[in-house]
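Trainee: I am new to this structure, and I would like to learn how to read it feature by feature. Could we go through it together?

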Amino acid sequence: MRQRIALVFLLLLAGACAHTKQKKPTEQPQQTVQPPNIPGQPPLSVFPAEMFAPGGVKKMQEALSQKGFQVAADGVFGPATQTQLQAFQKQQHLPETGMPDQDTIRKLGLNPEEIFKSKPPPQKGS
Amino acid sequence: MPSAERHHRRHRIWPWILGFFVLLIVAIRVAADPLARHFTQQALDKVEGYQGSFQDVKISFFPLRYSITHLKLVAKTEKSEKQAPYVYVEAAEGHVLWRDLLRFRVIGGANIDRAKVTIAIPPSGQKQKVKPPNLAETLYSLFPFRINRVALHRDELLVLDESTPNVPLKSRELWIHDIEATADNIASRGHLTRGQPATIELKAKVQRSGELTLFMTSDLLAKGLNFAGESSLRGLNIDELWGFMAGNTKIKPVHGTLSAFTAFTCVHNEISATVKPVLENAKVAPVDKSLSSEIEGTLADVAIKLTRDNVPGRNANVALIPLKGRVTNPKAELWPTVLSVLRNAYVNAIAGGFFNVPEQTNPTPQGPVKQAAQAFNPKKPMKAQPKQGK
């Protein structure tokens, strides 16, 4: 315990001596830590972008553009897509969360089962 | 000609049958609203400790919808008339699709517009005068069908701290407003969710300057609690929060903004999360001129200055706090938290947003010296420690 306290004190002292050094923020790439997907159970997502099935974001972006909310169909669910999605939700009198939900996807003319990830259907005979 | 006469009689009956059904439909339409008002008031009268009232109730058949306006729940105390309602809802509706009903699926959705819930924290040592009602039960008594989706629009939550009467009223409030939220697939029936998890999405404002978001997915059918998601609070001026915490601290914020980013997963009641608070351009001062306040305020201000990153325009104090354990009692890891504060101050400034959230976990446990070596190495990322046994 004493050794730990001494270590922290020395670290603070060393840091205080070098404290005036200017640094820039470290822009580390996003570390996506996936929640474990348990077989037979719906896939869980930590971030909204992880909800989408392959190609789902692009379909949603194309549908937004067709409705007059211009966004690049790049398949990336970023701030630009969220802003346009929120504007669409405002137009449709839906809750303006800027995140995709079932009603928003249906009002875009899309099928949520094709846009979002879902667990595989049960095999015949099981 | 007996068969022609029978045929002629059948033709005369049809207008009577048609007339009967038209009268029945008119009677149902005329009686629906008054009956709905009666049963609604009956349901509200059953809420223990609260007096319920509303302005009007309407039933629509195409689409099948129940609407209620200006719903109020006021606690039954001596000062009920002057008291703010615990719940006020400007407009709420429940709806069921005919196609689901015809398939014997009594399942629908609810929309709640401009609702306000006011919660008062009583002075220390006193209990709440009336126990809060079970809002889910109240909602079910008004919309007696399985709700699969709830949408909130322009709602508010006000938490009032009555334990610090010396602080001005407006400062004692925690005000979460402009709440926009949806909850999908919450009926928890496998064949209805179509293989997708339940989701909650929320966006709201906190006090005047803060922006709150929440995203969560959950498997309601799995054993135990299983959920994952993220939450963020951005740009809250800390002086807007001071009044709400004034009773518990001898330090007051002079200026600064608080943001916080969280990502979490919970599998079978075991939660793993990373919380990253970011305090920018912060300055604190003693709350009064007493010796203890002066000491506490000065020490706190010095600690903030010593542990911030001195990046121009940011001057941020950042910590990465790993949480692990049972969902009812998660434990924060002390060493990684302390080391992340020091890393931000003396090695590399930790970026804001969801960078490093959630934090990666080291495959094997490390002692404090190895963790310190990793934290002070600018080329290696910070990692949380694996959970140590049960």
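Mentor: Gladly! Let us begin with strands: two strands pair if DSSP finds at least two bridges between them. Helices (H or I, at least four residues) and strands (E, at least two) are themselves DSSP runs, numbered from the N terminus. Here, S2(B) and S3(B) form a hairpin with three residues between them.

Mentor: Some ground rules before we go on. This is a predicted model, where local features need pLDDT of at least 70 and side-chain atom pairs count only at pLDDT 80 or more, while totals for chains, interfaces and linings use all residues. Residues are numbered from 1 along each chain as its sequence is written, chains are lettered from A and ligands numbered from 1 in the order in which they are written, and side-chain values use heavy atoms, leaving out hydrogens and water.

Trainee: How many bridges join S2(B) to S3(B), and which way do the two strands run?

Mentor: Five bridges join strand S2 (residues 56–60) of chain B to strand S3 (residues 64–75) of chain B, and they run antiparallel. Within this pairing, B:Ser60 stands opposite B:Arg65 in S3(B).

Trainee: Which residues of S2(B) lie on its covered face, and which on its uncovered one?

Mentor: In a regular strand the side chains alternate between the two faces of the sheet. In S2(B), B:Val57 and B:Ile59 are on the covered face, whereas B:Asp56, B:Lys58 and B:Ser60 are on the uncovered one.

Trainee: What share of chain B is buried?

Mentor: Buried means under 20% relative accessible area, exposed means over 50%, and partly exposed is in between (1.4 Å probe, protein chains only). Of the 390 residues in chain B, 45% are buried. As for its elements, chain B has eight helices and 16 strands.

Trainee: How would I check the span of a helix such as H7(B)?

Mentor: The expected span is 1.5 Å times one less than the number of residues. Helix H7 (residues 334–346) of chain B has 13 residues and should therefore span 18 Å, which agrees with the 18 Å between its end C-alpha atoms. H7(B) is also mostly covered, with 10 of its 13 residues buried. Among them are B:Trp335, B:Leu339, B:Leu342 and B:Tyr346.

Trainee: Which residues form a nonpolar patch on the surface?

Mentor: Patches are made of residues with over 30% relative accessible area and no salt bridge; like charges are joined within 9 Å, and nonpolar side chains (Val, Leu, Ile, Met, Phe, Trp, Tyr) within 5 Å. Accessible areas come from the Shrake-Rupley method with a 1.4 Å probe, and for residues only the protein chains shown count as cover. The patch here consists of B:Ile13, B:Trp14, B:Ile17, B:Phe20, B:Phe21, B:Leu24 and B:Ile28, with about 700 Å² of accessible area together. One of these, B:Leu24, lies in helix H1 (residues 2–45) of chain B. B:Leu24 is partly exposed, with a relative accessible area of 37%.

Trainee: Where do B:Arg37 and B:Asp56 lie?

Mentor: These two side chains, B:Arg37 and B:Asp56, meet in a salt bridge (3.0 Å, N to O). B:Arg37 is in helix H1 of chain B and B:Asp56 in strand S2 of chain B, 19 residues apart. B:Arg37 counts as partly exposed, at 32% relative accessibility.

Trainee: Is A:Thr81 buried or exposed?

Mentor: A:Thr81 counts as buried because its relative accessibility is 3%. A:Thr81 is found in helix H3 of chain A. Contact means heavy atoms within 4.5 Å. Leaving aside neighbours within four places in sequence, A:Thr81 is in contact with A:Met60, A:Gln61, A:Leu64, A:Val71 and A:Val76.

Note on methods:
A salt bridge is a side-chain nitrogen of Lys or Arg within 4 Å of a carboxyl oxygen of Asp or Glu.
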